[in-house]
Structure formats: structure tokens, C-alpha cells
Amino acid sequence: MLSLQDLASISRGLRDEHVLTVYLDSGFDDPALRTAWREKIDRSIKNVRRHLVAASHAEKASFEHCVELLNQRLSELAGGVGAPGWVALITVQGVRVAEKIRAPMPTLALWTIGACVAPYVRALKQERPVVVIVADASTARLYRYVRGVVEPAHILRARAVMEEPVHMGDAPRPGFHTGTRGTTGRDASRLAHRVATDRLIEEVTRRSLEMAGHDGWIIVAGIPEVGTHIARTLDGLASGRVLHLHGVDVHSTDAGVRAAAERGASQLRDEMDVRRVAEITGAADDPRLVTCGPAATRRALDCASVRELYLTPRFVEGHLADAEYSVRAAIAQSATIEEVSRVAAQRLDEFGGVGARLRFAART
């Protein structure tokens with residue numbers, strides 16, 4: 001899968017070329033849907049041919065050559081895509097991109113100057129890393145989840161340091177015991193283990209922040225007491241990106257960790273989307289630094305003032321040309337691009353399905 005940086009590079013590199021862009025919703029390889037996407041692609045190709053009636057012979061030949069390359073790649077998918085979606089970007093020079101996508105796509109084929117990259121924004125959510133911490137009082141297992149794959153990263157252990165009790169500066173004599181008018185051996189042991197656990201939490205915090213980077217999600221699981229402490233510590237350093245999730249412990253399988261990562265990341269993403277859309281639609285501290293709706297957002301994009309662009313699936317699919325213009329303009333000014341979903345998408349759709357947070361107030 002492509003990152004936003006990869007997508008931006010490809011978009012810039014193909015901006016002056018004719019590109020056959022194809023997206024498939026593979027329906028998790030449902031045989032019925034597999035037939036449906038093939039029929040939709042064939043119809044899209046026929047529609048393009050009709051629009052090319054008045055085109056030059058050279059352009060028609062280029063298009064047919066790209067269709068041949070496409071059919072070769074589609075023949076490889078006869079046994080199934082193996083992912084929710086698929087994308088291909090093809091020029092007369094060859095297939096630039098042909099890959100599975102871990103997100104459902106609208107099924108379509110387009111022939112345009114420059115690649116159509118707006119639908120791909122949906123898949124970018126899969127690029128954000130997820131760190132899963134599963135901890136108890138003595139051990140913490142750190143996992144990294146990205147692009148559907150769980151990778152064990154670190155196993156950290158608490159190490160309690162116990163000092164042997166002494167008597168008058170020498171080894172204890174027979175019959176000597178600690179705790180007379182002082183700390184008992186049991187209390188010392190508890191203190192040592194508490195110190196070891198605190199050190200473990202410090203190390204877990206440091207390692208997980210390094211793994212998550214500036215925008216990754218962090219899911220904390222394990223026994224409630226330790227998990228609560230870790231989550232509280234991390235939330236002060238990565239606010240809005242940390243979730244304490246129950247139901248996962250040190251005995252969980254990789255499949256259990258993967259399910260926790262997906263569930264937790266989805267919840268955190270939805271919560272962040274709702275907060276951002278709330279700002280865009282009226283709750284921002286400074287309303288000059290947000291914009292909402294197609295017209296206002298386009299003005300901000302034209303002023304190159306957009307820091308974060310937000311789109312909804314309905315806007316992308318129903319106004320693809322406007323969505324493509326917005327995404328390309330956002331890429332040109334190195335803005336972050338997000339397609340919001342569920343509750344956040346419903347709210348943003350009430351305002352036209354597109355909005356942005358700005359670097360500076362756009363000129364009116």
C-alpha cells in the first residue's frame with residue numbers, strides 16, 4: 001500500500017500524462033461481487049470509449065493499449081483479490097501501480113490527465129501505526145500493527161533489586177531478623193517490586209512513544225491496575241491517541257492482539273474525527289482557522305492555507321471531480337488528508353462533505 005508521501009509523489013509524477021485509473025471493490029472476494037465489479041469495469045471502459053469519439057487517433061491508441069495492460073492484470077485476479085479493494089494506475093509507458101488495498105473502494109475506471117487519487121485517501125488510514133501494549137506487574141509485551149500485520153516488537157520485564165539485610169554492618173548472625181524497629185523483609189520486597197514496576201512503566205512509555213511516532217495510535221491492555229497507570233501516563237504525552245482497552249492479557253494470541261488493534265484504532269480514529277469535524281463546523285477556538293463546505297474550502301486551497309483537509313465518502317463518490325481537485329491541491333501544499341467516516345462523516349455531510357483546518361486565515 002501507498003503512504004501519503006508515495007501517493008503525492010505518484011500524483012506529481014503523472015500530472016501531465018494520460019492515466020487509466022481503476023479501483024475495485026472486491027467485496028472480500030464474494031464470488032457474486034467479483035462478477036459485479038467486472039461488469040462495472042467493462043461498462044466504465046465503454047463509457048470512456050464513447051467520450052473519446054472526437055479524440056485524436058494517438059489518444060485512442062494510448063487508451064486501448066492501457067486497457068490491454070489492465071486486462072492482463074485483471075486476469076491475474078480470477079481467483080480473487082484477497083483484500084477489500086484494488087487499484088491500478090496505468091499509462092502508455094506501463095503499469096505504474098497495481099496493488100491490493102485494505103479498504104473497500106468504489107468500482108470505477110477513469111481516463112484522465114493525471115491519476116485519480118481521491119478515492120485512495122480512504123486507504124491511508126491503514127498506514128497509521130498502532131502500538132499495542134499488553135502488560136502486568138512484571139512483564140510488558142509491545143506489538144506494532146500496520147497494514148493488517150501484527151509484529152511483536154519488545155518484551156520488557158520488571159527487575160526487582162533486593163539488598164540482603166545486614167546486622168551492625170556485617171552479615172546477619174543466626175537468629176537475627178529484619179524489621180525490629182525498621183522495615184520488614186516483606187515490606188522491603190513489596191517496595192522493590194513497586195519500584196521495578198514503576199521502572200517498567202517508564203520504559204514501556206518511552207518505547208511505545210518511539211514506536212508510535214507523531215501520529216500513531218497506542219492501545220493499552222493487560223491487568224487493569226498497570227494498564228490504567230500506563231494509559232494515564234501516555235495520555236499526558238500523546239493526548240487523544242491512547243486507549244485503555246479491556247479483554248486482552250499477556251496470554252492473548254496474535255489474532256487477539258490484531259483484533260484489539262483494529263477495534264481500538266477504529267475507536268480512537270472515530271473520536272478524533274468527531275473532534276476535528278466539530279471544530280470545522282463551529283466549535284473551533286478561532287473560526288478564522290477553519291473552513292467548511294465546498295466553496296469556502298476551495299478558496300482556502302487556492303490560497304494554499306490548508307493544513308488538514310477532511311472529506312467524506314459521500315463527497316468523494318458523489319463529487320469526484322471536486323474531490324480530486326481538493327486532494328491534488330492539498331497534496332501540492334503538503335497538507336494532511338483524511339477521509340472521515342461514521343458519525344463524523346454524517347456531521348460533515350450536513351455542511352457539504354468537505355472542510356479544512358488552516359495554517360493561516362484565508363483571504364476572502
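Is Glu 338 buried or exposed in this structure? In this predicted model, Glu 338 is buried, because its relative accessible area is 15%, and buried means under 20%.

**Glu 338 and its surroundings**

- You can find Glu 338 in strand 12, which covers residues 336-339.
- The side chain of Glu 338 makes a polar contact of 3.0 Å with the side chain of Arg 128.
- Setting aside neighbours within four places in sequence, Glu 338 is in contact with Val 121, Lys 125, Arg 128, Leu 309, Tyr 310 and Leu 311.

- Look for an open sheet built from four strands in the order 3-2-1-4, with antiparallel pairing.
- Its edge strands are strand 3 (94-101) and strand 4 (108-113), and each of these pairs on one side only.
- On average, neighbouring strands of this sheet are turned by 15 degrees against each other, direction ignored.
- Helix 3 (residues 57-75) packs on the sheet and touches strand 1, strand 2 (85-91), strand 3 and strand 4. The direction of helix 3 makes about 145 degrees with that of strand 2.
- Strand 1 (residues 18-25) and strand 4 run antiparallel and are joined by six bridges.

**Two hairpins in a row**

- Strand 5 (residues 130-135) pairs with strand 6 in the antiparallel sense over six bridges, and a hairpin of three residues joins strand 5 to strand 6.
- Across this pairing, Ile 133 has Leu 142 of strand 6 as its bridge partner.
- Strand 6 also pairs with strand 7 (residues 149-157), again in the antiparallel sense, over eight bridges.
- Here Thr 139 stands opposite Arg 157 of strand 7.
- Two residues lie between strand 6 and strand 7 in their hairpin, and Arg 147 in the turn has a positive phi of about 55 degrees.

**Nonpolar cores**

- The largest nonpolar core has 41 residues, and the members that touch the most others are Tyr 120, Val 306, Leu 311, Val 327 and Ile 337.
- Helix 9 (residues 320-332) supplies the largest share of this core, with six residues.
- Another core, of 22 residues, lies apart from the largest one; among its members are Trp 37, Leu 52, Phe 63 and Leu 69.
- Tyr 120 touches Met 1, Leu 2, Leu 7, Tyr 23, Val 87, Glu 99, Ile 101 and Met 105, not counting residues up to four places away in sequence.

- Ala 344, Ala 345 and Leu 348 are buried in helix 10 (residues 342-349).
- If you look down the axis of helix 10, the buried residues fall within an arc of 100 degrees, so they line one face of the helix.
- This pattern has a simple background: an α-helix has 3.6 residues a turn, so residues three or four places apart point the same way.
- Exposed residues Val 343 and Gln 346 sit on the face of helix 10 turned away from its buried side.
- The buried residues of helix 10 pack against helix 6 (254-283), strand 10, strand 11 (306-311), helix 8 (313-318) and strand 13 (354-358).

- Thr 291 lies in strand 10 (residues 290-292) and counts as buried because its relative accessibility is 9%.
- The side chain of Thr 291 reaches the backbone oxygen of Ala 296 at 3.3 Å.
- Beyond its neighbours within four places in sequence, Thr 291 has contacts including Ile 280, Ala 300, Gly 355 and Leu 358.
- Val 248 is in the loop between strand 9 (242-244) and helix 6, and it counts as buried at 6% relative accessibility.
- The C-alpha atoms of Val 248 and Val 134 are separated by 7.2 Å, although these residues are 114 residues apart along the chain.
- Leaving out neighbours within four places in sequence, Val 248 is in contact with Val 134, Ala 221, Gly 222 and Ala 260.

Definitions and conventions
Residues numbered from 1 in each chain as written. Predicted model: local features only at pLDDT ≥ 70, side-chain atom pairs only at ≥ 80, totals over all residues. Heavy atoms only, no water. Pairing = 2+ DSSP bridges. Axes fitted to C-alpha atoms, helices over the stretch in contact; angles between N-to-C directions. Contact = heavy atoms within 4.5 Å. Buried < 20%, exposed > 50% of the residue type's maximum accessible area, 1.4 Å probe, protein only. Polar contact = N/O pair within 3.5 Å; in protein donor to acceptor, adjacent residues only side chain to side chain. Core = buried A, V, L, I, M, F, W, Y, C linked by side-chain atoms within 4.5 Å. Arc of directions from axis to C-beta.
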